[in-house]
Amino acid sequence: MTDTDDIKWMRHALALARGVMNTTTPNPRVGCVIVRDGRILGEGATQPPGGPHAEICALRDAAVRGESVRDATLYVTLEPCSHFGRTPPCVDAVIAAQPARVVIAMGDPNPQVNGQGLARLQAAGISVITGVCTEESLEINAGFVARMSRGTPWVWVKMAASLDGRSALHNGVSQWITGEDARADGHAWRARSCIVLTGMGTLLKDNPRLNVRSVSTTRPPRRAIIDGRFEVPENALLFDSAHVDGVETLIFTAQPDAASSGKAARLAQRNVRVIALPSAVADRVDLPAMMHWLGRHEINEVHVEAGAGLGGALVSAGCVDELLVYLAPVLLGDAAGMLKLPMIEHLDSARRFAFTDVARVGADLRLRARDAARWQALHHAIMSQKA
């Protein structure tokens, strides 16, 4: 088996993982393929929570095909789990199947795994190779790795802007700067996230539903509002969405007594939960504390669609990992910018991101840029144990 073969089959496993991007949370998206002599014996991807993981799906698929996987090579995009969670440990089933080799894209930073799966495979006499297509696997599971390694989700801010960096006219009008294709692509990013987050400015101006349209999904993301004064109108459209699709809506507020108020009780009847996280600044939510709250509640990825004020506040608070920017080929002149950030005097103080992708989406461009240091920290979390 050559390195080229290993890359080929790992990319096949990655394609399987991408096929379940919107359904596995809070579990990672994992794909697995079992191969002998260039022929697929079985393949599968992790199912929704409570269902089998990728390795089990692939082993079951091989059994249905009447194939023995003894002495074959098993490719999996994440280290097999070695603990009891919603399902038994996958590593036990892999060892029992007796493959000759297991090739793994990246280690599992879950403290209950974190190298133990690799060690058990090796102790069973199975050859283990790691680090094949690691970057591609991390791209799929940045949120899971972030939550497991630092306790907070991976957060991106989605923005639509003109070529001169304007996100709305001087009178607040912003619908629509970009075209229909870009808006549909943005909904695909909503669908893969665990929660869609906005602020009161956007809610009062646009009255959004924050649900997923243009993309089919069986697992709609939750919705969240940052509402420091707890002024959200009870007839907001997103509460109707919560009632219809059964997905919880969260309201983060700075008012300590808000969660026990009559308004909170009424909203609870519509699947809305109120969480008080006041900061040292009056009427401001503690944004880092909110991210840790989301991490404790198994949120892997946060999709932010908000105005320049909240977007800038999240960046300033160190809560943003990535920028997802849709640029339209139009100039808006003297209008609102994308983010409100503090003024700086020197370029050394600028917040810097690294471009990772540029794609044409209809008539517009989609730019992705991420905080390089935060991405490197994720790399360290998955590479701390090697076979």
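Strand β1 (residues 31-36) pairs with strand β3 (residues 73-76) in the antiparallel sense, over four bridges. Strands are counted as paired if DSSP finds at least two bridges between them, and helices (H or I, at least four residues) and strands (E, at least two) are DSSP runs, numbered from the N terminus. Within this pairing, C32 stands opposite V76 in β3. The model is predicted, so that local features need pLDDT of at least 70 and side-chain atom pairs count only at pLDDT 80 or more, whereas totals for chains, interfaces and linings use all residues. Residues are numbered from 1 along each chain as its sequence is written, and side-chain values use heavy atoms, with hydrogens and water left out.

The two strands belong to an open sheet of five, in the order β2-β1-β3-β4-β5, with mixed pairing. The edges are taken by β2 (39-45) and β5 (127-130); each has a single partner strand, so one side of each is left without a neighbour in the sheet. From one strand to the next, the twist averages 15 degrees. Axes are lines fitted to C-alpha atoms, for helices over the stretch in contact, and angles run from 0 to 180 degrees between N-to-C directions. In general, strands of a sheet pair through backbone hydrogen bonds, either parallel or antiparallel.

Two helices lie across strands of this sheet. Helix α2 (residues 54-64) lies across β1, β2 and β3 and runs at about 140 degrees to β2. Helix α4 (residues 116-123) lies across β4 (101-104) and β5, and its direction is at about 150 degrees to β5. Contact here means heavy atoms within 4.5 Å.

A search of the whole structure finds 23 salt bridges, a salt bridge being a side-chain nitrogen of Lys or Arg within 4 Å of a carboxyl oxygen of Asp or Glu. One of them joins the side chains of R11 and E136, at 3.1 Å from N to O. This pair links distant parts of the chain, with R11 in helix α1 (residues 3-18) and E136 in helix α5 (residues 134-140), 125 residues apart. R11 is partly exposed at 46% relative accessibility, and E136 is also partly exposed, at 23%. The classes are set by relative accessible area: buried is under 20%, exposed is over 50%, and partly exposed lies in between (1.4 Å probe, protein chains only). Another salt bridge is formed by the side chains of R65 and D61, at 3.0 Å from N to O; R65 is partly exposed, with a relative accessible area of 41%.

Helix α5 also contributes E139, whose side chain meets that of R370 in a salt bridge of 2.9 Å, N to O. R370 lies in strand β16 (residues 364-370), 231 residues from E139, and the pair thus links distant parts of the chain. E139 is partly exposed at 26% relative accessibility, whereas R370 is buried, with a relative accessible area of 5%. Both residues take part in a network of salt bridges that links E139, E322, R368 and R370.

R370 also has an aromatic neighbour: its charged end sits over the ring of W375, 3.7 Å from the ring centre. The criterion is that NZ of Lys or CZ of Arg is within 6 Å of the ring centre and within 35 degrees of the ring normal. The charged end of K263 likewise sits over the ring of F230, 4.6 Å from its centre.

Three aromatic pairs are found in a search of the whole structure. Rings of Phe, Tyr and Trp (its six-membered ring) pair if their centres lie within 6.5 Å; planes under 30 degrees apart count as stacked, over 60 as edge-to-face and the rest as tilted. W154 and W375 form an edge-to-face pair, 5.5 Å centre to centre with 70 degrees between the planes. W154 is in strand β6 (residues 154-162) and W375 in helix α13 (residues 372-383), so that distant parts of the chain, 221 residues apart, are linked. Both W154 and W375 are buried. The rings of F252 and W293 have centres 5.5 Å apart and planes at 80 degrees, so this pair is edge-to-face. F252 lies in strand β10 (residues 249-253) and W293 in helix α11 (residues 287-296), so the pair ties together parts 41 residues apart in sequence. F252 is buried at 0% relative accessibility, and W293 is buried at 8%.
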